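Dear colleague,

Please find the structure below, handed over for your reading.

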Amino acid sequence: EGATTNFDAKAALANGADITTAGALSPESGGYRIRLNNLALAQGRLGARLVEPASALVQGSNVTLDGVVMDIGGGRVEARGEIAEKLDLNVLVRALPLAIANAVKPELALGGMLDGTARIGGSRQQPQVNFDINGRSISARQLRDAGLSSLTVEARGTSSASRLDVNASVTSPEGLRATAQGAVPLDNGAIDLAVNLQSFPLGVL
């Protein structure tokens with residue numbers, strides 16, 4: 001169709017994953033636009049698929065996402081915005097099952113759901129991330145071995161290339177209640193984190 005190139009491909013990747021995709025590629029604004037009609041990735045029991053058609057404008061090293069919505073193991077991950085010298089990207093995670101990690105490492109025996117948002121700004125050299133994450137009914141083999149059936153985790157804060165500022169709380173049905181607030185260096189530096197253990201179930205000792 002003129003300058004538009006349609007594609008439809010299937011491939012088996014070296015890590016054992018199978019990928020299928022179909023869409024179109026066309027020139028636009030000194031770059032090109034990729035339109036995806038479908039995209040699916042499967043590796044064992046782990047699967048991800050494009051929920052609705054999506055497109056991205058690529059201009060040199062700059063990428064503008066008009067909105068990409070993926071179903072990953074029954075949960076959703078949405079991304080929209082621009083990746084350029086200045087970053088402006090919004091990511092939304094809804095009901096993402098942590099059990100998807102078991103497809104890669106079954107010994108983790110992970111369970112629970114993750115919801116959250118992230119706003120990525122700043123620059124490529126100095127990215128700034130604002131995040132708000134909620135984990136519900138988080139379970140794992142190591143937690144159960146420690147006597148904790150599950151955890152609820154709430155965390156919000158900011159992150160840069162060198163520092164993570166976080167305000168978090170953790171609770172469990174067994175009575176664990178703890179909060180953590182402060183800064184964690186991502187390069188050199190000292191941890192400045194205040195941990196408040198409000199209650200601790202003696203049964204896990």
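A salt bridge, as the term is used here, is a side-chain nitrogen of Lys or Arg within 4 Å of a carboxyl oxygen of Asp or Glu. Please bear in mind throughout that this is a predicted model.

By that criterion, Arg119 and Asp88 form a salt bridge, with 3.4 Å between the closest N and O atoms. Arg119 belongs to strand S9 and Asp88 to strand S8, so this pair ties together parts that are 31 residues apart in sequence. Arg119 is partly exposed, its relative accessible area being 36%. For Asp88 the relative accessible area is 36%, and this residue is partly exposed.

The structure as a whole

The chain is built with one helix and 14 strands. Its C-alpha trace spans about 70 × 35 × 25 Å along the principal axes. Of the 205 residues in the chain, 29% are buried. Among contacts with a separation of 6 or more, 31% are made by residues 24 or more positions apart.

Charges and salt bridges

There are 18 positive and 20 negative side chains, and the centres of these two sets lie 3 Å apart. In general, side chains of opposite charge can pair when their charged atoms come close. The structure holds eight salt bridges.

Which residues are joined to Glu28 in a network of salt bridges? The network links Glu28, Arg33 and Asp66. In one of its pairs, Glu28 and Arg33, the closest N and O atoms are 2.8 Å apart. In the pair of Asp66 and Arg33, the corresponding distance between the closest N and O atoms is 2.6 Å. The latter pair links distant parts of the chain: Asp66 lies in strand S6 (residues 62–72) and Arg33 in strand S3 (residues 31–43), 33 residues apart.

Is Arg33 buried or exposed? Its relative accessible area is 9%, so Arg33 is buried, the limit for that class being under 20%. Glu28, by contrast, counts as partly exposed because its relative accessibility is 26%. Asp66 is likewise partly exposed, with a relative accessible area of 35%.

Two loop residues

Asn102 is placed in the loop between strand S8 (87–97) and strand S9 (111–122). With a relative accessibility of 12%, Asn102 counts as buried. A polar atom of the Asn102 side chain lies 2.9 Å from the backbone nitrogen of Leu110. When neighbours within four places in sequence are left aside, the residues in contact with Asn102 are Leu108, Ala109 and Leu110.

Where is Leu13 found? Leu13 sits in the loop between strand S1 (5–12) and strand S2 (18–28). Leu13 is partly exposed, as its relative accessible area is 38%. Apart from neighbours within four places in sequence, Leu13 is in contact with Ile19 and Leu41. Leu13 and Leu98 are 85 residues apart along the chain, and their C-alpha atoms are separated by 23 Å.

With kind regards

Technical notes. Residues are numbered from 1 along each chain as its sequence is written. This is a predicted model: local features need pLDDT of at least 70, side-chain atom pairs count only at pLDDT 80 or more; totals for chains, interfaces and linings use all residues. Side-chain values use heavy atoms; hydrogens and water are left out. Helices (H or I, at least four residues) and strands (E, at least two) are DSSP runs, numbered from the N terminus. Buried means under 20% relative accessible area, exposed over 50%, partly exposed in between (1.4 Å probe, protein chains only). Contact means heavy atoms within 4.5 Å. Lys and Arg count as positive and Asp and Glu as negative; His and the chain ends are not counted. The place of a charge is taken as NZ of Lys, CZ of Arg, CG of Asp or CD of Glu. A polar contact is a pair of N or O atoms within 3.5 Å; within protein, one must be able to donate a hydrogen and the other to accept it, and residues adjacent in sequence count only if both atoms are side-chain atoms.
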